[in-house]
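Keep the sequence and the 3D view side by side as you read.

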Amino acid sequence: MGVDKLTLTFYFYSTILELYKLENKSFMLTKKQKKVFDYIQDSTKKKGICPSHEEMRRHFKLSSVSTVNHYLNILQEKGYIKREKNTARSAEIEQKESFIEIPFRGYIAAGLPIEAVEEFETITIPSNLATTGNLFALGVKGDSMIDEGIFDGDTVIIKKQNTVEDGETAVALINNSEVTLKKIFKEKNRIRLQPANPKLKPFYVKEIIIQGKVISAFRNLEEREKKDGKVRFDNIYRSDCVELMKSMNEDSVDLTVTSPPYDELRNYKGYSFDFENIAKQLYRITKKGGVLIWVVGDKIKKGNKSLTSFKQALFFQQIGFNVHDVMIYKKKNTPFMRSNAYTNCFEFMYVLSKGSPKTFNPLKVKTVRQGQEKLPSNKGADGINKKVLGELKPEKTMTNIWDYAVGYGGSTSDKIAFEHPAIFPEKLAEDHILSWTNVGDLVFDPMCGSGTTCKVAKKNNRHYIGCDISEDYVNLAKKRVGI
Ligand SMILES: C[S@@+](CC[C@H](N)C(=O)[O-])C[C@H]1O[C@@H](n2cnc3c(N)ncnc32)[C@H](O)[C@@H]1O
């Protein structure tokens, strides 16, 4: 980093570390969001006017303007643009100067020193956080600065400087190779590196190189909650679902309704999934009597069905789930045509329970004939088979083949949901939620995509937790659910 060795200048008074706690990094943009913002900014500069929705759709080769809208809404929420109703143009840049980009230089130990990492990325921060000077950011590992409000997983903003005042929190290079984050105190003939955690002892060195002073810290609240094992109800997390489930309590979920990537049929922005660990975690977090609905289809490769769904069902059984039922999700329209086989129009819905299901509210359908009818009664002694007037049952329990219209207006009428390539119908999620849970129960979807399960759980007064590995899908799901 090109820092000179120095003699520390000490003033014998403590300074108060100014820490800003910015929750959720709500101002930070994903790469895609940043591209959209940069495009709006560049076009506005060049043409003096903001690009229209249609221009943006064409530029990013998007299938619909609703996707453009989705990005504009995010940029607006994060304070990057301003939008006015009834204008032909899409947006206006909001106070361009209010955000700046600074380099993210990797991770630093707030516990034991570790080697410096030099991963060059950038992060966007509000410019009011930036005092004059050269800034960079570091991710914090360890808990040695918790009394200063700096926790494992936080990001600290560092102002490059090679001196600090006594008691200030600094990034220090020791033994010419290890970097650490500590409060610095000059003592007679030595320098004390003081953790801000009563459980940890200070350590002493003869000399250090100061690389900068901490001027602010912020935290991704969701990351923090996951680490603390506090996954909040009624929230949607961006995470690998195995990691998220590890921080969820054992025996805590009443119902999971989910649909995994089928045989990696679509690559969902490049993510794959670790089936066996997902299955084991699902078993661990499911309540006794809780249910898992696993909606899945098989890939056909060179005319041969993979049967992955069968293998998965057998694995679920092997680790303790009860295969309570194998149901069929039949698609009323857009079935998959094959030239030399019957048209494929269904997927499996494995109903897996931890013991016997504790809740079953059977869904009913109307019977075809209703009202009163003469029904046959037993023969009397005279041998004549009499008919007596009786009431026909008005409804009966549904079968285990459920059919749904799919596509727009079928799966959902939320246009935005179709930004995800593989949603299941809202009604499918709703039918399972009503069948296997009661009001106030917890419904989980570890791979929630566009948020269908969460949306319907909320609508039916159930708690929900959603998770997806893709930030774009999490944003989409949050939008659909209204959080
Ligand atoms: C079939 S889609 C789910 C669609 C969802 N049922 C809906 O109605 O929108 C599968 C989802 O799994 C997500 N995914 C894949 N691997 C994952 C993982 N390890 N952890 C969390 N989500 C994952 C993908 O990003 C994708 O959105």
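**Starting from one asparagine**

Asn 475 lies in helix H10. Helices here are DSSP runs of H or I with at least four residues, strands are DSSP runs of E with at least two, and both are numbered from the N terminus. Residues are numbered from 1 along each chain as its sequence is written. This is a predicted model, in which local features need pLDDT of at least 70 and side-chain atom pairs count only at pLDDT 80 or more, while totals for chains, interfaces and linings use all residues.

Is Asn 475 buried or exposed? Asn 475 is buried, with 23 other C-beta atoms within 10 Å. The cut-offs are these: a residue is buried if 20 or more other C-beta atoms lie within 10 Å of its own, exposed if 12 or fewer, and partly exposed in between, with C-beta atoms placed from the backbone. Asn 475 also sits 9.5 Å from Tyr 71, C-alpha to C-alpha, although 404 residues separate the two in sequence.

Now widen the view to the whole of H10. Eight of its 11 residues are buried, so H10 is largely enclosed by the rest of the structure. Those buried residues are Asp 472, Tyr 473, Val 474, Asn 475, Leu 476, Ala 477, Arg 480 and Val 481. What do the buried residues of H10 pack against? Their partners are helix H1 (31-47), helix H3 (65-77), strand S13 (235-238), H9 and S28. A contact means that the C-beta atoms of two residues, placed from the backbone, lie within 7 Å. After H10 comes Gly 482, with a positive phi near 85°.

Let's take two of these helix pairs in turn. Two packed helices are described by the angle between their axes and the distance between the axes. Helix H9 (residues 452-459) packs on helix H10 (residues 471-481) at an angle of about 20°, and their axes are 9 Å apart. Axes are lines fitted to C-alpha atoms, for helices over the stretch in contact, and the angles run from 0 to 180 degrees between N-to-C directions. H9 and H10 are therefore roughly parallel to each other; angles under 35 degrees count as roughly parallel, over 145 as roughly antiparallel, 65 to 115 as roughly perpendicular and the rest as oblique. On the H9 side, the contact is made by Cys 454, Lys 455 and Lys 458, and on the H10 side by Ala 477, Arg 480 and Val 481. By class, this contact has three nonpolar, no polar and three charged residues. In this scheme Ala, Val, Leu, Ile, Met, Phe, Trp, Tyr, Cys and Pro count as nonpolar, Asp, Glu, Lys and Arg as charged, and the others, Gly among them, as polar.

H1 and H3 have axes that come within 10 Å and cross at roughly 90°. That makes H1 roughly perpendicular to H3. Here Gln 33, Val 36 and Phe 37 of H1 meet Tyr 71, Ile 74 and Leu 75 of H3. Their contact has five nonpolar, one polar and no charged residues.

Next, look at two loops. Most residues other than glycine have a negative phi, and most peptide bonds are trans. Asn 461, in the loop between H9 and strand S28 (463-468), has a positive phi of about 60° although it is not a glycine. Asn 461 is exposed, with 10 other C-beta atoms within 10 Å. Leu 307 has a phi near 60°, again a positive value in a residue other than glycine. Leu 307 lies between strand S17 (304-305) and helix H7 (308-318), and is partly exposed, with 13 other C-beta atoms within 10 Å.

Two strand residues are worth a stop as well. Met 327, in strand S18 (residues 322-331), is buried, with 21 other C-beta atoms within 10 Å. Leaving aside neighbours within four places in sequence, Met 327 is in contact with Met 349, Val 351, Asn 400 and Trp 402. Lys 396, in strand S25 (residues 395-397), counts as exposed, with 12 C-beta neighbours inside 10 Å.

Finally, turn to the ligand. Of the 23 residues around the ligand, Ile 423, Met 447, Gly 449, Ser 450 and Thr 452 come nearest, where a residue is near a molecule if its C-beta atom, placed from the backbone, lies within 6 Å of it. The shell has 15 nonpolar, six polar and two charged residues.
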